[in-house]
Amino acid sequence: MTFKLDTESESPDRTTLHLHGRLDAQTFNDFDRAMLDVLPRVREGGTVVLDLSALEYISSAGLRSIAMIRRSMRARGGHTLLLNPQPQVRKVFDIVKAVPLQEVFANTQELDRYLDHMQRQIAGDGPTGNA
Amino acid sequence: MLFRSIASRLSLWVLAGSVTVLAVAGGVLFYQVSGQILEQAHGEATALANEAGNRIEQRLARVADTTQTLAAVMERHPEGAELMLRDALARNADLSGLAAAFVPAADNPPMSPFVDRKDDGSLRSRDLRKDSNPYWDKTWFLAGLGCPQGCWQRHFYSQSRKRELINYSVAIGRNGHPIGLINADVSLDWLGRILQELGKPKGAYAFVLDENGVYLAHDNPAMVGQHGKPDLLQALARYQATRVRLAVAQNPRAHGKPVWIYVAPIEGTRWRFGLAMPEAMIYAGVRQAFARVLALGLLALLALAAVTLAVTRRILAPLRTLASGAEQVARGALDFELPPARFPDEIGRLTHAFDRMRRELALHIAELTRNAKEQQRLASELDIAHQIQTALLPGAHYQDAHCENFQLHALLRPARAVGGDLYSYFMLNERRFCVMVGDVSDKGIPAALFMARTITLAKALAPRARSPQQLLSMLNLELCRNNDSCMFVSLLCGMLDTCTGDLAMASAGHEPPVLCDAEGARLIELDTGAALGLDEEARYPACMLQLQPGQTLMLYTDGITEATDASLQLFGTERLLACLERAPSRAAADFADGLLAEVDRFAEGAGQADDITVLALNWHHALADRNAPMLDLSINASMGDVFDTLERCDAALRAQGVPSALREDIRLVLEELMVNMVQHGHAGSADRSIDLHMRQGDDAVLIELHHDGHPFDPLQAPMPTLTGDLADADEVGGLGIHLVRAMASELSYSHDEQGNHLQLRFLHPARTEHDHDVQTGH
C-alpha cells in the first residue's frame, strides 16, 4: 500500500486527515473517493486539516486532489489547512504555488494558535490578521 | 682598354680598311702605270740607242770615207802616200793611225808608210817595209786585200802603242787587182769615248759588240774584250730584237740587278750598239712617286682616322651616358636624369626610349612592390584564416576518457592555406559520440568559409538530432538556405554508442568508409543521399553497424583516392585498401599516418592537388562498461507498467546511492512524463510502448525516454497560470510539465519517425546542500 489515509474528527468543526505514503497518479483516485465520504461530514464553515507529516511524495495528480478538497471546502465556507509538509511535498507546492503560505503550518502549535485566533475572530465577528 | 671604346675601334677599322684599299688600288695602279712606264722607257731607250748607233755610225763612216778616199787617191798617186796620210791624220782626229801598205811587187811603191799619232798629238811616220816582221804575211793584210769596198778588221792589241786598236781596211785596186791597202787605225779608247759622250740617262751604260759577240767598247772599261753573256748573244741572235731583258746584268756595276738592253745595229759594220738600262732605274721615278703618294695617303688616312675618332666619340657621347644609365638601372637605381637628345636620330630615339623604359620600370617596380605588400598582407590573412580554420577542428587525437572503448585519430591537410575538407567529432551526451568527415566542393577560401559554416551548423544541430540521417537532413536544410553560389558538401556522419559499439551512419554523397580488421580492409557499401546544400528534399538512408573489438573504421575524403602521381594515375580504392591491409599495427594513429605517408609517396613529384582528410576510429571495447545502463526497459504504455517502472527506477537509484531528494525528483519527472504519455499520447492505439534508458554519469543521472505515440514536446507546452492557489481555478492544466521543467537539470526533446525522444539529465546535488535541506525539513 503506497498510500494510506487516517481520518480523525476532533470536532464537527475540525477534521484532521493524516496522509501516509505517496499521493500520485496511481493513488489519487483512492484519496478522492475517501474524500467523498469525509467531506460531507464536515460541518459548513468547518476546517479540514491535512496532516502531511507522513506524506512522502506528491505529484501533479495529488496536487489536483488537494486543490479539489480546498475548492470544495471553500464552497462551503470552510477552510483547508496544511500541516507539516515534507521537503519533497513542500518543493512541489513551491514550484506550482499550490496554496497560500498562510494556510501551511510547520507544526500543530502554529495550527492551534491559528485556529484559536480564527475562533475568537468568529466570536468577535471582526476581521483578523494571520498568525 | 683601347678596344672597349666603339670610337677607337671604328677609327682603327676605318684606318685599316682605307689602308688596305689604298694599298690594293696603289698596287693595281702601279702595275698598270709601270707597264706604261716600261713601254715609254722602251721607246725612249730604243730611240736613244738608235741615235747613239747613228752617231757612232757617222763617226765610223767618216773614218771609212777618209780611208776609201785615200785608197782611191793612192791608186793613182802612190808616191805621195806618206804626205797624204799625214795630212789626213792631221785632219781627222778620230784616227789614231793610217797606213798605206802595198803588196811588195815590182811596180808597187817601194815603201809602205805608216803614220800614227803619238800621245802628245804629234805625228810620226815609219815604213812598214822595214819592220822586221813582214806585214804581207799578216792576216790583217791578207784580209784587207779582200776588201775593195772596205771592211773593219778584228781588233787587236798594239804592242808598240800599248792600246787596243781596230782597223778599217780598204784595198787599193789597180786593174781589178789589189796592190795594197789603206789601213786606218782607230783606238778602242776612242770608241769608248764616243760611248761616254752619248747623252745617257743616269745609271744606264752603253757598249758595242762586234760580230763575234765581243765587247769592243763598254762604259765599264773592264768589260772590253770580254765575250757577251751567252743568253744575251742567244737572244740577240734569235730575235734580232731591239731589246732584251737580262735577269742578271753582266756589268758588275749593275750589281747583278735585272737590266733592259736596247740594241741598235751600226750600219757599215757588223757591230751592234747596246744601251743597258737597269730595270730599277726605269721604275725608280714611278716608285718614288708612288712612295710619296702612299706616304701622303697614309698621312691623310691617319688624319681621317683621327677625325673619325673625334666624330664618333662626339656622336656616341650620349651612348656613354646611356651605358652608365643602364648600369645604374642594373644596380636598381632608377632615379636619374638623362640629358636631352640633341637630334632625333637613332641615338635620340634610343635616349627617348631608354628614358621611357626607366620611368615605366620605376612605375612597374613601384607597382610590384605594392603588389608584393598586398600579397604579403593576403598571405598573413590567409595564415590567420588557416589558424582559425584549424581551431574549428577538434584535436587530432581523441581517446574516450569515460570508457576507453575507442580511440580516434584524424589528420587534415589542406592543399592550400585553407581548404574545404572538414572533420569533427564530439560527445552528443554521456554515451553517444558523433563523428563526421566532409568535403566541400571547390577549394580555397570559398570552400573554407562553407566548411566553417558546415562544421558550426553541424555542432549546433547535432544535439537535436537523434540519428545521423536526421542530422544530415537538418544540416541540408540549413545549408540549402541562401546557397546562391550552389556550394555543396559531401558529408559522412556516424553516431557511435560508446557502450555497445553500435554505429549508425549516413552519407551525403561521400566516399564510402573502410572497415579494417584482422580479415583485411573492405569498403562499407552504404546508400548515400545527395550532397548537402543542393536539394532541400534530399533524404538520407541510415546504415547500422556494430563495431567489433579490434576493428577500425576509416573515414577519408577524395583527396586520398583521387591523389595523382606524376603520370596522372589515380591512387584509387584498391591502393587504399591494400595500404590499410598492410598497416603495421591496429592503432588508429598508425592507420591514418601510414595511409597519408603512402599517398605522399605515391604523389611524390606531382604535388597535392586536393585537401586530404583521414580519420581512423579504432574500437577496443577494452573496459567493462562503467557507464553501463542502470536500467534499460521497454514497457507498454499503461499505468501499471509505468508505476512498476517507477519502482524499479527508484530501486536502481537507491542501489547506486543516489540521495533520496534526487530520487524523488526523478520519480516525479518520470511519473509526470510517462503518465502524460499513457493518458494523452496513445494517439488512438492501445499498444504504444515506452523505452527507458537510465544510466549513472559522473555528476548526473541520465535518462532517455522514447515513446512511439503522439508527438508532444514538453518544452513547447504553455506555462500554467499560477495564481498562488490552485483552488482558484476549476482545472489547472500543465502542472505536471511545469514540474518536469522545473525539476530536470536538462531536458531535450526530439521527434522523428520513431516517435518522441526525451533526454533528461539530473545533476547530483552537492552533499552538503542535501544535508542542509534535510535538516531544515525537520
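1. A residue is called buried if 20 or more other C-beta atoms lie within 10 Å of its own, exposed if 12 or fewer do, and partly exposed in between, with the C-beta atoms placed from the backbone. By that rule the buried residues of H2(A) are A:Ser60, A:Ala61, A:Gly62, A:Leu63, A:Ser65, A:Ile66, A:Ala67, A:Arg70 and A:Met73.

2. Please keep in mind that this is a predicted model, in which local features need pLDDT of at least 70 and side-chain atom pairs count only at pLDDT 80 or more, while totals for chains, interfaces and linings use all residues. Residues are numbered from 1 along each chain as its sequence is written, and chains are lettered from A and ligands numbered from 1 in the order in which they are written.

3. Helices (H or I, at least four residues) and strands (E, at least two) are DSSP runs numbered from the N terminus, and two strands pair if DSSP finds at least two bridges between them. In chain A, five strands make up an open sheet of mixed pairing, in the order E1-E2-E3-E4-E5. Strand E1 (3-11) and strand E5 (104-105) of chain A stand at the edges with a single partner strand each, so one side of each is left without a neighbour in the sheet.

4. Within this sheet, strand E3 (residues 47-58) of chain A pairs with strand E4 (residues 79-83) of chain A in the parallel sense, over five bridges, and A:Thr47 is found opposite A:His79 in E4(A). Helix H2 (residues 60-75) of chain A packs on the sheet and touches strand E2 (14-23), E3 and E4 of chain A, its direction making about 175 degrees with that of E3(A). Here two residues are in contact if their C-beta atoms, placed from the backbone, lie within 7 Å, and axes are lines fitted to C-alpha atoms, for helices over the stretch in contact, with angles running from 0 to 180 degrees between N-to-C directions.

5. H2(A) has 16 residues and reaches 22 Å from its first C-alpha to its last, which is close to the 22 Å expected at 1.5 Å a residue; the expected span is 1.5 Å times one less than the number of residues. After H2(A) comes A:Gly77, whose phi is positive, near 75 degrees.

6. Between the chains, 21 residues of chain A are in contact with 21 residues of chain B. On the side of chain A that touches chain B, H2 and H3 of chain A each supply at least two residues, and H2(A) gives the most, with six residues.

7. Helix H3 (residues 87-96) of chain A packs against helix H15 (residues 735-743) of chain B at an angle of about 110 degrees, with their axes 10 Å apart. The contact is made by A:Val92, A:Ile95 and A:Val96 of H3(A) together with B:Leu735, B:His738, B:Leu739 and B:Ala742 of H15(B).

8. In chain B, nine of the twelve residues of strand E6 (residues 163-174) are buried, so this strand is largely enclosed by the rest of the structure. E6(B) pairs with strand E7 (residues 177-187) of chain B in the antiparallel sense over ten bridges, and the bridge partner of B:Val170 in E7(B) is B:Ile182. The hairpin of E6(B) and E7(B) has two residues between the strands, and B:Asn175 in the turn has a positive phi of about 60 degrees.

9. Strand E5 (residues 156-158) of chain B also runs antiparallel to E6(B), joined by three bridges. In the hairpin of E5(B) and E6(B), with four residues between the strands, B:Lys162 takes a positive phi near 55 degrees.
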